[in-house]
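Take a walk through this model, one part after another. The sequence and the structure come next.

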Amino acid sequence: MSVRDAYRLTDQATFGATESLITDVRTQGASAWVAAQMALSTSRYTLGNGDAIHKNTSNTAFCDQSANAGANCWRDWYSSTPLAWDFYRNATQKNDQLRQRVAFALQQIVVVNNLEVEGTYGLRNYYNTLLDNAFGNYRQVLKKVAMSPVMGDFLNNANNDKAAPNENFARELLQLFSIGTCTLNADGSLQGGACSATYDNETVRAYAYALTGWTYPAGGATPYGCWPTGANCQYYGGDMVPVARYHDTTARTLLSGVSVPANSTAPQALELVLDSLMNHPNTAAFVGKQLIQHLVSSNPSPAYVQRVANAFTSGSYSAGGRTFGAGARGDLAATVAAVLLDVEARGDTPARRAGKLREPVLMFTGVLRALNGRSDGDALTWWWGETLRQHVFRPPSVFNFYPPDYPVPGGTLVGPQFGIHNANSALERLNFLTYLLYWGGSTAAASVPGAFGTTVTTTGFEADAADAAKLVDRMSVLATGAALPSATRTQVIQAVEAFTLANNGATWQSERVKQAAYLVFATPAFQVQR
Amino acid sequence: MKGPQMNRRFTRRNWLKTSGLVGASLGAGAIGNLFAPHGIARAADYKALVCIFLYGGNDGLNTIVPTDATRYGQYSAVRKTLALPQASLIGLGTSGFGLHPALTGLAPAWQEGRLAPVFNVGPLHQPLTKAQYRAAAASSDAIPDSLFSHSDQQILWETGTSDSLTRTGWGGRATDTLATTNPVISVGGNGRFGLSSRSAPLVLPEPGSVFGAYELGTDAWRLQYAPLVARAAALRTVYAQAQDNDLADAYAAMQRDAFTMSDRLSALVKVKPGEAGSVAAIDNAFAPLISGSDVAAGLPRQLYQVAKLIAGNATVQGNRQIYFAQAGGFDTHGNQIGTDPTTGTHAALLKQVGDALGCFYSAMKALAMADAVTAFTQSDFGRTFTPNNSSGTDHAWGNQHLVIGGAVKGGLTYGTYPTLALGGPDDVGVDSWELQGRWIPTTSVDQYAATLLGWFGASDAQLDAVLPNLANFGSARRLGFL
């Protein structure tokens, strides 16, 4: 396996290449490395506090009670900030990189956020479920999502009442999590080349009715009891449970020829809802294409989407003498393997239209990992996450940080990540490099548990500093899998050579390394993953 | 008349040239001829449009409420606990309508005849009756794509079409067709409204932010030290080079534009209230929303930035400028009211909008720019007339909107208020369990946009170029509020 191809795989399947990882991938080969990655499960969300916020029977607000009061009560009990600490620590350091990347893709498809749902322990449960099911089955993902009290609160399906059902969850389950609004061919292209509706509003209502009758798991308490009658108090410790009095028992016609018979229970209706979605002809291409877009390329060819959709549908994918997947429709191990091992993802010569803009989260981690760095997450949330419009766990709505079809100006390509890229973020990406390389990143914050800051270590490159061309080439392979295009390379080498012993004394080598790193990671060749 | 292709090329070069970027790589071509009528700030002829997008779908039925006994009765009978008490509404003269009590910030503009509500506006391909809607096939062109979906209806409002695959916004296309000096300037993200065929909207950060790259700074110590000069030079050169990948080319192009525009605008963008370079008339108008040296976050801060850019037109350049701002959180599926219907989530959202727009309008008057600046709302869709069980409302279609500015023929309402009958002529529903009051629009986004762009200076032919479905509405092209 070539260096370039190995680099591409680390770009697609991890939070960033390192010199040792590229060597590992080359040694093992693509399918063996992917299989080995799928066997790893070392990352968990563990930080932040527990469920006491939803067991508070005192009339004093939780954060006003002396035991909990303090500047960090909201952060540690209610916010997603502790999850972001885990997220960036794991992304920059843990070895189950592919599981984390797939979970990161899933959390940008089945979206919840901390803007509308507060409760650190509940969010932790939600995102651990996505890590657990990253190579499981998409049906199980949808089922856990539908039963999650966090999703229940986010899209108003907790305590949804047949009397006047709230349509929010039903609509987004169809539109964003499973089939989309337009009828698709098996290769993900639009049937007839235009948008022909997949469902009408009556269908959304039918799903909303079928999905009524779920309440929080038992365990919550408030000083004033629980409401409405018969429902459990707000609580995020486990899956939602049925509450018969609020469940609609009228027969309902769903999609894919599936109907909910009269007098079905809420769990029975949910299984039928899942049947109708998993059997829908759109689902494989709809989900498969989004996984391609999150991992490999914004503009996959229809044939590539078709191959990935086939793996989703059959639940099985074979490559390099290995078979991935357990054979059931919706198998994510098979689907992810098909995404990563496809001919369009592999090789040394990606097409001109291949690749995707490195989204801010992957730009952060890519630079950190390449430069032997790590982050405890603190600086990448309210500072750099907000600045670059990707504060992880806080997308603005269920529509994620960016849409899958955002048009790149000029031409016909889409670039989902261009939906949060603009003149201001273009400049801030450069300033992030200044922050890491010239400001020394961030030191550990006293109030953050287990903090170690956000830093890179570039001393390992100083041995090559005397030979600017060698240094720049080494850095370029790490950042892009190959030497820079020759005109760019010449320009960067010249700038690196501008630091000399004569004009910079003892620090000339470290300055050369930083100059090289700044310019190489600023190039379009790094910022756009191929 | 220039063809659209020529206009697009012209536009991009124009705004690059005025900021000094056009050089060998772009070539000079015939720019000289095309450039002549534009590009010079002509304050006497200056006009700006300010789009305020209310993301999530604002509940227009609780934004403007009918006050006559019959319709108020229909409203309160269906809206129930969500219904605003009649006495709480801000009366709009003899119009028969009142504003949500949180919109006190807009009352002065109404009294001055400079606020115009427009009723039941939404995406349409052509005039549409309920019978036509019910009879149409799923793939029919007569029905706008993916109704009731946030992302799709945002696209239809922002692009001024009925096709959710449309790539460019009506604001962006207007900058192409009218050959404005700058692209759409956004202080509220990358919304598709400002995308043209050649460029993304120019998204600027909020006051106090550095709109620039530190390594391209012009501090003396940077400019005097050869390795730093080499770093800055390499950075600029790298982005000027052709890439081996289409997305990388697009990335490099945006980076070049970012350098150019930040060179010109960073000082203006950074100014906060009370700082050197701030404008007293604007600071005074926004005073109720300023604490210390910060304008309240969200729409107030965005509109403060727009006011500053309008006052700084000599730096921004151009005599026609389209701005884009936004507020989020309007997807009030649950608990849209508080302990009473005049408080809670929706009231707080509207208060932010009313206060920000009211201060912005005051600032424009203080700058003697009110006649030249028209602000207007857009939003995903209206919300169901019938509340759901969560004290909220679900996705609907036609909606009420507001236009404000010194050129607005306000003190009147425009468009036709929907018939407030579940299952009635404006409701898409027919089945008993599907009668939520989702109004079929009686005025199209095309007509709304054409009214705004017509005032802005677009000819009829240019309106047809920007708004491809406008011709489907016959002679009813403009609504008369400007």
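Helices here are DSSP runs of H or I with at least four residues, strands are E runs of at least two, and both are numbered from the N terminus. A residue is buried if 20 or more other C-beta atoms lie within 10 Å of its own, exposed if 12 or fewer, and partly exposed in between, with C-beta atoms placed from the backbone.

Residues are numbered from 1 along each chain as its sequence is written, while chains are lettered from A and ligands numbered from 1 in the order in which they are written.

Over residues 1-42 of chain B, pLDDT stays under 50. Where pLDDT is low, the predicted coordinates should not be read in detail.

Now turn to strand β10 of chain B, residues 320-327. Here 8 of 8 residues are buried. In a regular strand the side chains alternate between the two faces of the sheet. Both faces of β10(B) are covered. On one side lie R320(B), I322(B), F324(B) and Q326(B); on the other lie Q321(B), Y323(B), A325(B) and A327(B).

Which strands pair with β10(B)? Two strands pair if DSSP finds at least two bridges between them. Strand β1 (residues 47-54) of chain B runs parallel to β10(B), joined by 8 bridges. There, L54(B) has A327(B) as its bridge partner. Strand β6 (residues 185-186) of chain B is also parallel to β10(B), with 2 bridges. S186(B) stands opposite F324(B).

Last, the two chains meet. In all, 65 residues of chain B are in contact (C-beta atoms, placed from the backbone, within 7 Å) with 69 residues of chain A. On the side of chain B that touches chain A, α6 (150-159), β7 (202-203), α9 (226-240) and α10 (246-270) of chain B each supply at least two residues. The most come from α10(B), with 12 residues.

Methods:
Predicted model: local features only at pLDDT ≥ 70, side-chain atom pairs only at ≥ 80, totals over all residues. pLDDT = per-residue confidence, 0-100. Contact = placed C-beta atoms within 7 Å.
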